[in-house]
Amino acid sequence: MPRPPVPDAESIAEPVVRLCQVEQRFARGVTALAGLDLDVRPGEWLSLLGPSGCGKSTALRLIAGLSQPTAGTVERHLPDTNALGGIGFVFQEPTLMPWATVEDNVGLPLQIFGVSRTEIRARVGDLIERVGLAGFERARPRELSGGMKMRVSIARALVAAPRLLLLDEPFAALDEITRARLNDDLLALWQAQGFTVVFVTHSVWESVYLSTRIAVFSARPGRVVAEVAIDAQAPRGADFRESAIYLSTCRQVSEKLAEAMR
Amino acid sequence: MSRLQRWLSALGPPFAVILLSLAVWEGLVRWRHIPEYILPGPLRIAAALGESWPTLLSSLLFTLAVTGEALLAAVVLGGGLAVLLAQSRWIERSFFPLAVILQVTPIVAIAPLLLIWIHNVRLALVVCAGIVAFFPMVANTTLGLNSADHNLLDLLRLYGASRWQVFRRVRLPSALPYFLGGLRISGGLALIGAVVAELVAGSGGTETGLAYRILESGYNLQIPRMFAALVLLSAAGVLLWAALSGLSWLLLHRWHESALRREG
């Protein structure tokens, strides 16, 4: 599968999202983010990497527009929320509706947008197929394994053809094997469809394997203290995990992370 | 294990305990020669039930009708109020205490007032029973509507869902298990409310419920008949509970109960 072109920073006039000197302070007095500058560039896979509690998830919520910063600006260059081609969000938990079938869970965004029944059926069927859940259309979440639930969640995030996919440590609760398989499947979907990804994780290995760029966060209050671009061509697979560039990048990112926590 | 075997193993022990208790009761009454106006044995009660069956049956139907109407009113009004309360914290804080006051004031104390205000005795009974059944519906449904998954609510906000869409797609289904739990409690309470109200009203005439039969039998020292009415009341309570549990199972077992097939 050919890799979509990931343009270099200089050639891009307009980032998808731009965070400028963002500060996020909560009512109970905790400052989660301070002085955060971050551009999300079209087509890239950007990982936000940092220790637990450094404000990565808070930054993701700001990018999504689910909360407003207490200082600084968040610019979003995306279509209106209530339409196709906007933002897809995958939480740490699958966050499915337990009473609804896989089909209905995946179709939720389209139902909200008021898309016609036939189009919903077509899109949902297609997405369920792509995430490898064919045959489980009528199943309820309780009947699925943890990995399968996460696949439903990913399918739901992608069904409305988002330009920006936000992932908040989606695989943290999964076992190693399921996690690796989901990584590869998600990577393939990204390569095929060319959306932009912002991926929150605390795994150096995972971020290097998946990303085109990693933003390393400092401890709280979080800001970006280092950026690492990963110039490895797709398709990334088992070979990439053993390549020199993978290992050296992991070492480099680990060092930056250690510095950030100092 | 076959279906029949499972039923037997589930229902066998409780039935055995009930039968044994009845046997001990009957034996005790006969052995100690307890007069029937103090404590009739189960066989005598069964006979009394047979003797007064037509009267008791019509009284049972009356009590059940009052209970059913009260429960329906509690569901509609209580559920409706819960929807209103769930709209904002401010509304909930303002109105919830009123519901609590209504709940904690003993219905026996309110019943005489209601009987003075409402001339139609039957309606007064329904109102009394409804007040008792009202609170669990409000409290449970409000809790249910507010306990929707916050991430799911965020997701809907992200997609620009309207208030109505959020309500219908997430809040209402999230509230369903809580609502049904409240319904089971309210069912039992409505029956108690109907009985208490009727005891206070002490109404006679053509249309009378089981509570009045109990009073009447007491005045006439027909203690076996009194027990027969009591047995019917218990049976009505059990039946109501079973029916509401069945409804709950019907609506929830696909997603809220266990016993589902698993992957591979």
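This is a predicted model: local features need pLDDT of at least 70, side-chain atom pairs count only at pLDDT 80 or more; totals for chains, interfaces and linings use all residues.

Author: Residues are numbered from 1 along each chain as its sequence is written, chains are lettered from A and ligands numbered from 1 in the order in which they are written, and side-chain values use heavy atoms, with hydrogens and water left out.

The kink in helix 1 of chain B lies at B:G12, shortly before the proline B:P13, and amounts to about 35°; the bend at a residue is the angle between axes fitted to the seven residues ending there and the seven starting there. Helices here are DSSP runs of H or I with at least four residues, and strands are runs of E with at least two, numbered from the N terminus.

Helix 1 covers residues 3-32 of chain B, and its 30 residues should span 44 Å at 1.5 Å a residue, which agrees with the 43 Å between its end C-alpha atoms; the expected span is 1.5 Å times one less than the number of residues. After helix 1 comes B:H33, with a positive phi near 55°. B:R32 lies over the face of B:W31, at 5.3 Å from the ring centre, where a charge sits over a ring if NZ of Lys or CZ of Arg is within 6 Å of the ring centre and within 35 degrees of the ring normal.

To place this helix in its chain, chain B has ten helices and zero strands, and its C-alpha atoms fill a box of roughly 75 × 60 × 30 Å along the principal axes. Of the 264 residues in chain B, 41% are buried, meaning under 20% relative accessible area with a 1.4 Å probe and protein chains only, whereas exposed means over 50% and partly exposed lies in between. Among the contacts in chain B with a separation of 6 or more, 71% join residues 24 or more positions apart, contact meaning heavy atoms within 4.5 Å.

One residue from elsewhere in the chain is B:S59, which belongs to helix 3 (residues 53-85) of chain B and is buried, with a relative accessible area of 0%. Apart from neighbours within four places in sequence, B:S59 is in contact with B:T208, B:G209, B:L210 and B:R213.
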